[in-house]
Amino acid sequence: MNFFKQKTNILFLFIIFLLVAALSGVSYFSYEKHNDYVAVSSALSDNNSKLNEAQKKIDELNQKIENYDSDVILSEQEKAELRSQLQAALDEKARLEGENSSLKAEIEQLMAKRNELQDSIRLNLVNQADTAEGGICYLTFDDGPSNNTLKILDILDTYGIKATFFVVGTARTEYIPQIVNRGHAIGLHSATHKYDVIYKNVNNYLSDIKHISDIVYEKTGIRTNIMRFPGGSSNKISAQYRKGIMTDLTDRMTSLGYSYFDWNVVSGDADASVVPAETIATNVLSRARGKNSICVLMHDTEKKTTTVEALPTIIEGLSAMGFRFAPLTAESYGFHQTVGN
Ligand SMILES: [Zn+2]
């Protein structure tokens, strides 16, 4: 074992070991925090319903006192009894309110802690990506699978690289297993991709994402936790259907444990129905220049044949610039754009 004879190699292995240990430690801690969060969350909803009951009781007692005041002549002793019941209910309410606000404070603290941990995991990985020579390239394909998927998969295989597919439920979902079996990442995009439905309210969005999650699960046995919002997190179109929905959804999906991804290089293949292959390739290569790590937005739909044509030039050009290719994982840097609605 020549490898271990060299001190630098042993040191290198030790550093790798430390990095892995640190990362898994942080992830584990983050998971533990998640459990705390769930526990406090359920305590809070328990407390809320008790608080509601206490208020109901107070209302009932007040009503009784009012009725008795007007209709019935009560003895002093009966009045005192009612008043002491009312006082007890008010005390109980005050106690529950105290408990409620401390639970709320606790949950806020846990959320802040969790965000901090997630940021530190991401920052760690970004730093690795940025310091790696030439950085990482995440090729991403939205809106598929389609009649072009197998061609894309063949090209990726030719270069021995992996990419990420954000799939929709209205597409040729029968190709989803191939994407996974050939080593690529699968992400959720949308079941319907209908902006006017999914961005109308949070529940519509959640049931849409559950639907596409179920489709992927049925086809692959995988519950993927990576996703991309139709139009990206910075889309403004959603404001036509509901003000503030992207702010709600980016928070909600993150707290449900999803990692969402935008992009920092646009291929422009959706700028027109058919964009020339040369334009797509030039867009990607020129927009990648000067960036350390990139996430490239492309589309995998039946009409986007020129995206397929441009792919070899894109891959070769990016390789020549020093990029190495990887599929996205939940821990990858999110390339988040600014949420504007
Ligand atoms: Zn899309």
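The protein has ten helices and eight strands, where helices (H or I, at least four residues) and strands (E, at least two) are DSSP runs numbered from the N terminus. The structure is a predicted model, in which local features need pLDDT of at least 70 and side-chain atom pairs count only at pLDDT 80 or more, whereas totals for chains, interfaces and linings use all residues. Residues are numbered from 1 along each chain as its sequence is written. Buried residues make up 27% of the 341 residues in the protein; a residue is called buried if 20 or more other C-beta atoms lie within 10 Å of its own, exposed if 12 or fewer, and partly exposed in between, with C-beta atoms placed from the backbone. Of the contacts with a separation of 6 or more, 77% are accounted for by residues 24 or more positions apart, a contact being a pair of residues whose C-beta atoms, placed from the backbone, lie within 7 Å.

In soluble globular proteins, nonpolar side chains tend to be buried together. A nonpolar core is here a set of buried Ala, Val, Leu, Ile, Met, Phe, Trp, Tyr and Cys residues joined through C-beta atoms within 7 Å. The largest nonpolar core holds 57 residues, of which Cys137, Val167, Val265, Cys295 and Val296 touch the most other members. Helix α10, residues 305-320, gives the most to this core, with six residues. For Val265, the contacts beyond its neighbours within four places in sequence are Val284, Arg287, Ala288, Ile294, Cys295, Val296 and Leu297.

Helix α9, at residues 277-288, has twelve residues and reaches 17 Å from its first C-alpha to its last, close to the 16 Å expected at 1.5 Å a residue, the expected span being 1.5 Å times one less than the number of residues. Its buried residues are Ile280, Ala281, Asn283, Val284 and Ala288. Seen down the axis of α9, these buried residues fall within an arc of 155 degrees, so they line one face of the helix; the arc is that of the directions from the helix axis to the C-beta atoms. The face turned away from the buried side carries the exposed residues Glu278 and Ser286. The cover over the buried residues of α9 includes β6 (265-266), β7 (294-299) and α10. Just after α9, Gly290 takes a positive phi of about 85 degrees.

Asp208 is found in helix α7, residues 202-220, and is buried, with 22 other C-beta atoms within 10 Å. Leaving aside neighbours within four places in sequence, Asp208 is in contact with Ser190, Ala191, Thr192 and Ile198. Although Asp208 and Ala191 are 17 residues apart along the chain, their C-alpha atoms are separated by 5.5 Å.

Most residues other than glycine have a negative phi, and most peptide bonds are trans. Against this background, Asp143, in strand β1, has a positive phi of about 75 degrees although it is not a glycine. Asp143 counts as buried because 22 C-beta neighbours lie inside 10 Å. A cis peptide bond, with omega of about -5 degrees, joins Gly144 and Pro145, and Pro145 has its place in the loop between β1 (136-144) and α4 (149-159). A positive phi, near 60 degrees, is also found in His193, which is in the loop between β3 (185-190) and α6 (195-198). With 18 C-beta neighbours inside 10 Å, His193 counts as partly exposed.

Terms used: Two residues are in contact if their C-beta atoms, placed from the backbone, lie within 7 Å.
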